Amino acid sequence: MGSGPSGLRWIARRRVSDLHHEFFKAEHTTRYLENYLDSHCYAGRSLRSRIKLGFSVESVAKRGDQWLVIGNKAQYRTPKIIVANGLFSSANIPKFIGDDTFKAPIIHQEEFGQSSVLTSPELHKVTVIGGGKSAADMVYACVKAGKSVKWVIRASGTGPGFLLSPEGKGPYKNAFELGSTRVAGTLSPSFIGPDTWWRRFLFGSNPGLKVVNAVWSGADKETRESAQFNSRPNALPGFANLKPHAPLFWQNGSGGLLNRADFWDTIAPNVQVHLEDITHLQAKHVCLASGTEISTDVLLCGTGWKPTSFEFFSVDDLVRLGLPHKVEDEPPEITKPWDQMVQQADREVLDRFPILAEPPKHHHKASHTTPSRLYNGIAPLNDNTIAFLGYFNVGNFFKGAECQAIWATAYLDGNLQLPSIDSRQLTIARQIAWCKRRYLSNGELGNSLLFESNFYLDELLQEVGLVSHLGGWFTNWFKPGLARDLAGLRDEYIAKFSGKSD
């Protein structure tokens, strides 16, 4: 997260030692959120006092015109409900043969910060698994703490993630600011946002496609060359295994921005990287497919999170609400029309964006569930008493949370004039078809909008009829779209809809 406001309150300017290209340490974000809970009071109660900690939701079901929420400590009935458990809800810890008798601790990235890995002399030999940003951060921290580190990325996955330079270009303080402009968003082929001559030029003409390819291939090349995967001095064997497999444009795997200027210089001479699958764990050894056995005192899992499964809903409600569910749980009379709509939408996607027709050779991580079928990633087609927040993977979650919350409020209050159900179905089908083409493995659930988030959030606010976040033409297209732009939305919403809510 960059400097300045992340929501509707300013984060105090950090000392220079805490900044890296205007990004600051996560502890300041945590402090901001803690303060937010106490400083925001409504009807005499703070946000903190409204949170029930340690409450495990066991089931959510509709009973008549009320939703019944049953948990481990209490039950609640409500006419309207928002489910805001986001994209991920539980740690993804791989299962390995022999993990039940493994003699070394297995620690997920979720627990790494509270563990004694960095300080314990007994945990000297460290093995980190995973190819994304969290794995990279743990590898770096362990090397800096004087540990002997091995990094294992499975060969059967999507490969190492892109680790991008945080440096900005021109007037932009960092890469996040540059990527947060609407003009940058036009370089991603998408139906979301205004259909301008510029976007038609980019993806509907040979000169335009040359511009798009030049920008993306240039960023890809710059990232790879800065790492010097094949030529970095003093690199240990296997350093080249960190080369991402698919081009940057496709975002088939994970990745993120580098937080440390000396990251590659630290990793290359100190970490042996294995691009292999783990066959089993034995005693205090991690055993790889090649027969290599890595002696280790601790196994760190930078393996991310499991997608939210909404296990507190019944199978019938998962199907009814359009939430991801097992394909075999869906009646054919529901599956067939959706398949037909998505197939038709796929033809439209390829007709409009031929660039998406031929993705590079890549490992495709298929989904075992249906995609999400929520309108705008928030609303079911057949129930206007429930909304889902945080389920679209957008580029700026602070801004995304604010815009989605405003849209959901208007939706539940009955203040939106939505398109017909047929029209919404076609919009959802196109989102599903486009997402699978645009983001490959990461698009399987139809909920990735990494480079399209500004346009998506603009459309949410446009449906509500709010405009205070917008500026002039130049500002809208070239200024970073950050959360501070939303400072006037709450008052604008109240002024617009005062007295209209149920």
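In helix α10 (332–352), the buried residues are T335, W338, M341, V342, A345, D346 and V349. Buried here means under 20% relative accessible area, while exposed means over 50% and partly exposed lies in between (1.4 Å probe, protein chains only). Look down the axis of α10 and those buried residues fall within an arc of 150 degrees, so they line one face of the helix; the arc is taken from the directions from the helix axis to the C-beta atoms. On the other side of α10 sit P332, E333, K336, R347 and D351, which are exposed. Helices (H or I, at least four residues) and strands (E, at least two) are DSSP runs, numbered from the N terminus.

Before going further, bear in mind that this is a predicted model, in which local features need pLDDT of at least 70, side-chain atom pairs count only at pLDDT 80 or more, and totals for chains, interfaces and linings use all residues. Residues are numbered from 1 along each chain as its sequence is written, and side-chain values use heavy atoms, with hydrogens and water left out. The mean pLDDT (the predictor's confidence in each residue, from 0 to 100) is 93 for the protein, and 96% of its residues reach 70 or more. Residues 1–10 have pLDDT below 50, although this stretch has 39 contacts in the model beyond near neighbours in sequence. Where pLDDT is low, the predicted coordinates should not be read in detail.

What do the buried residues of α10 pack against? Their partner is α12, and contact means heavy atoms within 4.5 Å. In α12 (421–439), the buried residues include I428, I432, W434 and Y439. Their cover includes α7, α10 and β23 (448–449). The 19 residues of α12 should span 27 Å at 1.5 Å a residue, and its end C-alpha atoms are 26 Å apart, which agrees; the expected span is 1.5 Å times one less than the number of residues. Just after α12, L440 takes a positive phi of about 50 degrees.

Now for the rings. Those of Phe, Tyr and Trp (its six-membered ring) pair if their centres lie within 6.5 Å; planes under 30 degrees apart count as stacked, over 60 as edge-to-face and the rest as tilted. That rule gives 30 aromatic pairs. Take F203 and F353: their ring centres are 5.7 Å apart and their planes at 85 degrees, so the pair is edge-to-face. This pair links distant parts of the chain, with F203 in helix α6 and F353 in the loop between α10 and β21 (386–388), 150 residues apart. Both F203 and F353 are buried. Another edge-to-face pair joins W434 and Y439, at 5.9 Å centre to centre and 90 degrees between the planes. W434 has a relative accessible area of 2%, and Y439 one of 0%. Elsewhere, ring pairs link W67, F310, F312, F313, F388 and Y391 into a cluster.

Finally, the core. A nonpolar core is a set of buried Ala, Val, Leu, Ile, Met, Phe, Trp, Tyr and Cys residues joined through side-chain atoms within 4.5 Å. The largest one has 55 residues, and L356, I378, W407, Y456 and V464 have the most contacts inside it. Among the helices that each supply at least two residues of this core are α6, α10, α12 and α13 (453–464). Apart from it lies another core of 30 residues, among them V126, F239, L258 and L300.
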